[in-house]
Amino acid sequence: MTDADLLRSLRDRVLDESEPLASLLRTCLMLGAATGSADLRTWAGRELRGYGDEEDVPSYRELVLPLFIDSVSGNWWAKGQAISPLQIPQKYRQLIPEKVAFKQSVEELEAMATAEDSTLKIAMQGFPALAAWWSNDLPMFQDIQALYYQVGRASLAGMVGMVRTTLVEMVADMTKDVPMNELPSKSQVDSAVQVNVYGSQDQYTTNVGTNAGVIGQGAGSQQTQTNNGVSPDQFSELIAQMRAALDEVSDDDDRAEVEQAIDDFEEAVTSGAEPEKVRRRARVLQRVGSAVGGVLLSAAVSEGTQFALQAAGVM
């Protein structure tokens, strides 16, 4: 099988619901090697092997779950009591995560989603210690036996489905305008992964009417302005400004990465893509532009994405 056959095979199989997800991800490992995309290999490898303790999971692998306890009070035993985190003593609440990250491999998740039990218990690493400390604070003959989350099989099945959907979106992005007998560029594959998996979570709620001024950015920031509408000519002009500012990026790989991000964002806006896809592409472009560009590129990207988001009607 040639390198181009890898992409053709993946494109043909990705929409087949009977195709094992793990098999598709292993093809992604080979495709990442063939295109030089470490991003694709890293994502596919983590989905296959599971995420390490120090590795963050994509948002689709996080769930807000109900909390339960098993307790004893004198001769009375209670199991599976639903509680609110607010019922836990305040000094221990920081040990309760807002969301539960599922770091298992996709094959483990699939097995959990098809288990006989309709719900599964999820015990976090620090919960036994929390239960012991909490019990020490209780009156005599009262005890917290266990603390745990519960997750339904349907939620796990939905998580596996999101991995498959993310893969479909990546394949669609990385194969756009690529002939059947060729491979996409490294920057195109990297961009597809970044948009659909690693897109920045920073929020920019900005509606703008002119291109005067530059909106500041920062991790986790949120900004708002008013607008007077944006014309297609203004959008084209701002895309041109972004491309002109690429001259200040000296590294060829960095320049190709930003150029691909500009291409992807322009395509999403002009093709009328779903609002969330437009937002993801804007976030990736902002992140990449800020990371490798200087003042001119950062300003052009900031202005351009903000105008384009308004033009696309996704603000």
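Trainee: Is the crossing of α2 and α3 left-handed or right-handed?

Mentor: Left-handed, for the crossing of α2 and α3. Keep in mind that this is a predicted model.

Trainee: What angle do α2 and α3 pack at, and how far apart are their axes?

Mentor: The angle is about 155 degrees, and the axes of α2 and α3 are 8 Å apart. Angles over 145 degrees count as roughly antiparallel, so α2 is roughly antiparallel to α3.

Trainee: Which residues meet there, between α2 and α3?

Mentor: From α2, the residues are Ala22, Leu25, Arg26, Cys28, Leu29, Leu31, Gly32 and Ala33. They meet Leu40, Arg41, Trp43, Ala44, Gly45, Glu47 and Leu48 in α3. By class, the α2 and α3 contact has 10 nonpolar, two polar and three charged residues.

Trainee: And α3 with α6, how far apart are those axes?

Mentor: 13 Å, with α3 (residues 38-49) and α6 (residues 153-175) packing at an angle of about 160 degrees. α3 and α6 are therefore roughly antiparallel to each other. Their crossing is left-handed.

Trainee: Which residues of α3 meet α6?

Mentor: Leu40, Trp43 and Glu47. On the α6 side they meet Val163, Thr166, Leu167, Met170 and Met174. The contact of α3 with α6 divides into six nonpolar residues, one polar and one charged.

Trainee: What about α1, which of its residues are buried?

Mentor: In α1 (residues 3-13), the buried residues are Ala4, Leu6, Leu7, Ser9, Leu10 and Arg13.

Trainee: What do the buried residues of α1 pack against?

Mentor: Two helices, α2 and α6.

Trainee: Switching to strands. Which way do the side chains of β5 point?

Mentor: They alternate along β5 (residues 119-122). Leu120 and Ile122 point to one face and are buried.

Trainee: Do β5 and β6 pair in the parallel or the antiparallel sense?

Mentor: Antiparallel, over four bridges between β5 and β6 (residues 142-152). As an example, Thr119 has Gly152 in β6 as its bridge partner.

Trainee: Zooming out, how many helices and strands does the chain come to?

Mentor: 11 helices and six strands. The chain has 315 residues, and 44% of them are buried.

Trainee: Last one. What share of the contacts join residues at least 24 apart?

Mentor: 68%, counted among contacts between residues at least 6 apart in sequence.

Technical notes:
Residues numbered from 1 in each chain as written. Predicted model: local features only at pLDDT ≥ 70, side-chain atom pairs only at ≥ 80, totals over all residues. Heavy atoms only, no water. Axes fitted to C-alpha atoms, helices over the stretch in contact; angles between N-to-C directions. Parallel < 35°, antiparallel > 145°, perpendicular 65-115°, else oblique. Left-handed = near helix turned anticlockwise from the far one by under 90°. Contact = heavy atoms within 4.5 Å. Nonpolar A, V, L, I, M, F, W, Y, C, P; charged D, E, K, R; others polar. Buried < 20%, exposed > 50% of the residue type's maximum accessible area, 1.4 Å probe, protein only. Pairing = 2+ DSSP bridges.
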